[in-house]
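Please look at the sequence and the fold shown here before reading on.

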Amino acid sequence: MNPRKNRVVILGGGVIGLCSAYHVLQRGLDVTVVEREAAGGDNCSMGNAGMIVPSHFIPLAAPGMISKGLRWMFNPESPFYVRPRIDLDLARWGWLFYRNSTARHVARTRELLRDLNLESRRLFEELSAEEDFGLQKRGMLMLCKTAKGLDEEAHVADEARGIGLEAQVIDAAAAALLDPDITMDIAGAVYFPQDCHLDPARFMASLRKRVIALGGQIASGVEIDAIETQSGKITALTGNGQRFEGDEFVIAGGSWTAVLLEKAGIKLPLQAGKGYSLTLPTPPELPRICSIFVESKVAITPMNGSLRFAGTMEVGGLDLSINSPRVRGIIKSVHAYYPKFSEKDFEGIKPWAGLRPVSPDGIPYLGRSQRLSNLIVAGGHAMMGLSLGPVTGRLVADLLASHPPFRPIGQMSMDRFA
């Protein structure tokens, strides 16, 4: 047996890449993380809503999403938009999304998403016991402005309870008792007690520190030019005049995952969904519990005295420019649910933009490649990247160690659309 440790190269320094590095290092393997951003740079893992969401057991591809999306397309301030363009990859992704937006698909995948999120929550608790990064186990409120919205969310709550999750349908008065520090103008809410929230920047800083403490190497600011292959395996990555050789390779490049895989001759259906956030350092009121404005699709998270509002899904390629009407849509929604807030509260607040990697069926990609035997792909988590970071990292380590996962993950195969 070769006494040399296996060398694992992980491409991507976001939450999936760093969680993978942490768990792989714990297995005693050598790890090098290669990331596009500068050290500690502002990737999509930094400015998100920071939610851990067992409540999100319904994939993005679900009944009604196509019709909703078509209605929203013509509103420049709506929470969803697909930028029209001639692009065969986008056309294929859209067709696959349409094919998977069925009740059967939801029924097939909801227990997978439930199990992944609950196991990830457990791993977050373990990590938090070792070092504080602001984990708050207070649940999450789905705030419904209308009776129609509350009826729809009550149906989701019924489904949640049917698969063993905790969910409570409550009226406006009960919501005010749960979170008395915020004034709400709502018809009612659904409370998911198992959801949590944290400060993603603190969590990412904690992950980097853990990876380095365990002996991991992080190469920052590297744009990959080529992926070298030979005899059905990757031999090296090259970029910025540097060469990274390894025995095993993990591509966890977020929204750039498909672009990177093309360098190895692999096509992966994946689109970047841009989201925005605005963080008020001194909000007029500060809720205790993270929430989602149901009709507006805006997430709200308290973070160390500040308050973050995050939303939109804008499918438009690898473009991080700010679309002002989309940001305005987030801001305009706030007063409707939180009447003590006004648009003036957001004056001078710089919006943050990040790209979420979206698979066409709303299920992450996780598994070994059939074409390249030493390649594992971990991506396509959409809005659940942070929530599923720890469990994804542990599953990557299981795959590298040929260790049985805690539950079957065949539905997440990277080759399922091949």
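Predicted model: local features only at pLDDT ≥ 70, side-chain atom pairs only at ≥ 80, totals over all residues.

The crossing in which H1 passes H10 is right-handed. On the H1 side the contact is made by Val15, Ile16, Cys19, Ser20, His23 and Val24, and on the H10 side by Gly389, Pro390, Thr392, Gly393, Arg394, Val396, Ala397 and Leu400. Sorted by class, the residues of this contact of H1 with H10 comprise eight nonpolar, five polar and one charged.

H1 also packs with helix H7, residues 200–213, and here the angle is about 35° and the axes are 9 Å apart. In this case H1 passes H7 in a left-handed crossing. From H1, the residues Val15, Leu18, Cys19, Ala21, Tyr22 and Leu25 meet Phe203, Met204, Leu207, Arg208, Arg210 and Val211 of H7. The contact of H1 with H7 divides into ten nonpolar and two charged residues, with no polar ones.

The next element to follow is helix H4, residues 103–130, whose 28 residues reach 41 Å from the first C-alpha to the last, close to the 40 Å expected at 1.5 Å a residue.

H4 leads back to H10, for the axes of H4 and H10 come within 7 Å and cross at roughly 95°, which makes H4 roughly perpendicular to H10. In this contact Leu116, Glu119, Ser120, Arg122, Leu123, Phe124 and Leu127 of H4 meet Gly389, Pro390, Val391, Arg394 and Leu395 of H10. By class, the contact of H4 with H10 holds seven nonpolar, two polar and three charged residues.

Methods
Residues numbered from 1 in each chain as written. Heavy atoms only, no water. Left-handed = near helix turned anticlockwise from the far one by under 90°. Helix = DSSP H or I, 4+ residues; strand = E, 2+ residues; numbered from the N terminus. Contact = heavy atoms within 4.5 Å. Nonpolar A, V, L, I, M, F, W, Y, C, P; charged D, E, K, R; others polar. Expected span 1.5 Å × (residues − 1). Axes fitted to C-alpha atoms, helices over the stretch in contact; angles between N-to-C directions. Parallel < 35°, antiparallel > 145°, perpendicular 65-115°, else oblique.
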